Amino acid sequence: MGGVADILVIDDDKDLVESMRIILESRQYGVRVAYNGKQGYEKIEAKIPDLIILDVMMATDTDGFDLAYKLKHQPEHQNIPIIMATSFPQKMAEEGPEKFQHILGESWPISHFIEKPIDPEDLLIVIEKILTEHKMETTQLSA
Amino acid sequence: MQPGYALVKEQLFFRKELIERLPWLIRLRWAVVAFGFAGCGAVYLFRQWLPLPLMVLLSGVLCYNLLFLLIWRRLSPFKSQGMHSDSDPSFIRTQDILRFNVFAHAQISLDLFALCLAIWYSGGICSPLALFVIFHIILTGILLPPVSCYLYGVLVSLALGGLVWLQQGAHSPTFPFWFQDVILPHDGNPVEIIVRYAALATAVLITAFLVTTLKLSLRTKGRELLRLSKALDASNTKLTALYEMVKEMGICTESKALMDSATRRAAGIMGVKACSIKLLDEQQQKLRFASTYGLSEDYIQSKESIDIQKSPINRKIIDGAVYAIGHIEERDYFAYPEDIRKEGIASLICLPLRVEKRVFGVFCVYSEAAASFTESDVQFFMLMADLTALEIEKLNMQLNRIWFLQKAAHQLRSPLHAVISMLKILQKGYLGAMNVKQEDTVLRCEKRLELLDGQVNDLLSLSIRRTALNPDALHRVHIPEVLRVLSSLFESQARARTIDIIFRIDENLPAVMATDRLLDDLLTNLISNALKYTPPGGKVTVCLTRNEAGGIRLEVTDTGIGIPEQDFSRLFSEFYRAENAKDFSENGTGLGLVIVKETLDQLKGTISVSSRIGEGSTFVCLLPA
């Protein structure tokens, strides 16, 4: 696996983006980057990636969530797997500010939630798993 | 309530007195008869002579009293309803009142007749029994309306006059007995008799006047008291409901839920069709519905955003009015009265939601009736709106404070995470191999930063818990289920440190009042601590059993470094770490056990510690079921 997948990393922390680029490129993934939700959306429109790694708080507190929510409601984008990366522990994001509450739950479009700091090996395992599952799903759908 | 119905209810309230007095009159008559016979007995004892006519009369009274008792048993509203005489009089039908009145008149007239006979047979106008007519008038005054009292007053005077006439005329004498020659002259001179009569008749009439005046005044006071007690009752009901409303708002942890509770409760308490809360936007130009109760979707959507410049009633509130009442007929208040009319609203009242002088929204109640708001309603709404505003503000402040803390923590952790991620790339060789010293240094950097990260995490968790005005709503949770989710994490930590971890969980443990998160905090901190301070090759045992009190006993035992006795007292203080703990492990925030203690406080649980240096420690938590 690997090599062919196109991964879009959207995070406003340039150091972190570069770290992820190094990790992902070590497995020959194609890496594109964006530094906020708006830029990210433009890149998605230009070419639909196989996977998005998305930060939560960027230009605004909910920039990442807003983008995920928007994608979820667009038929052409709603199947893109998303890995949400955040400095909030997951349980805090679930129980925390009510701004998140309406996005979480039934219509939650995120495939996976990872907490920062990112462990390179964990990240690669998660990516591989999601891409495999996603590939199986799309194969089943087209069959 | 219909005014007619209220009046009937009030009349019934007073007539209840008549109905209660009727059996009392019958009981009183038994006493009179008994005293009468006793008196006759006394006469016989002293004078060896029986006043026969009086005894016949008393027997007559006895008979008709028996008859009255039988009639009363049939009439009594209390008996037929199986209720006590202090019950609510509202069940007495108005047509029954007439029967009670007739019954009362019958008793009083017969008594009057009997009394006149007794007076006649005991010395006429000079008889000491003549004074008893006064009691009669008092009784009449208590039982019957003022007119009847005067009527009986006049009747009594006439009857006494008749006696005087009989006494002075051909039919004289009365039947004089023991005082005929001893105390009172029954054939005294006419002037004296007339003077006696005049005095008695005047006394009767004055008594009638006094009793009725007194009764009227008492009745007025009673009516006022009744009105006050009704008003008090109504305001007590409202205040209790308001208290419930504030209590419900107080436990809300989300603004939407709080405002929904406010609108629903407010409409219920005031018995109005609908209620809404609109909040001002940041530009202070538009109002948006934040919560509604009883309004149709169409109406809400048509007014999704209200420009305050175009809505006079809302503008008045935003401009600082204490309240504004709108009647749909007075069109000048409304930009779109048709919409409101279509919604079935005839009048509405708007109040500001404000904290101190700052207005941040509008609280509205809508009524289907025109002009249905009284001044006391308005006062009550103002109280309700002010309390709601305070609750909204309190919750917002709390949410903002939590949000700030989380954001601050995020800002602190973001650079940390970036650095840790970069160090991991270095350490794992993504940028080429390092020599041993380089790798060791990078690893140390990483560990220190992870410690700092943990500290920020713990600080955040503690601050949020201390900020929260409302503790998390507890519900029934099974600890073994929470532990099962976490156990794989602990097992992998233990494996990494070559420590044996053993879980002993009893079957059929009761659920405890908690939340998953609180139990997660408790278990994670206790077990991680045990693992952290146990050297490789050691053992950590986690036992969950039922305690004697029916709750749960959680025991975490390790074979670790132990805790020096002098440190026991400070074990649960912030940032405190025992010396041997610092020597053993650099990793430790000094907040883990503080979180454990505060979690247990929230769960109403207790913790105890026992430990021996170099042998290990045991933490025992008791949780109520």
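Strand β2 (residues 286-293) of chain B lines up with β3(B) in the antiparallel sense, over three bridges; helices (H or I, at least four residues) and strands (E, at least two) are DSSP runs, numbered from the N terminus, and two strands pair if DSSP finds at least two bridges between them. To find one of these spots, look at R288(B), whose bridge partner in β3(B) is S305(B). This is a predicted model, where local features need pLDDT of at least 70 and side-chain atom pairs count only at pLDDT 80 or more, while totals for chains, interfaces and linings use all residues. Residues are numbered from 1 along each chain as its sequence is written, with chains lettered from A and ligands numbered from 1 in the order in which they are written.

Now step back to the whole sheet. It is open, has six strands with antiparallel pairing, and runs β3-β2-β1-β6-β5-β4 in chain B. The edges belong to β3 (305-307) and β4 (324-327) of chain B; each has a single partner strand, so one side of each is left without a neighbour in the sheet. On average, neighbouring strands are turned by 30° against each other, direction ignored. (Axes are lines fitted to C-alpha atoms, for helices over the stretch in contact, and angles run from 0 to 180 degrees between N-to-C directions.)

Two helices of chain B pack on this sheet. Helix α8 (residues 255-270) touches β1 (274-280), β2 and β6 (358-367) of chain B, and its direction makes about 65° with that of β2(B). Helix α12 (residues 375-427) touches β5 (347-355) and β6 of chain B, at about 40° to the direction of β5(B). Contact here means C-beta atoms, placed from the backbone, within 7 Å.

Over in chain A, helices α2 (residues 37-46) and α3 (residues 63-72) pack at an angle of about 30°, with axes 9 Å apart. G37(A), G40(A) and Y41(A) of α2(A) meet D63(A), G64(A), D66(A) and L67(A) of α3(A).

Finally, the two chains touch: chain A puts in 22 residues and chain B 19 residues. On the chain A side, α1 (14-25) and α4 (90-95) are the elements that give two or more residues, and α1(A) gives the most, with five.
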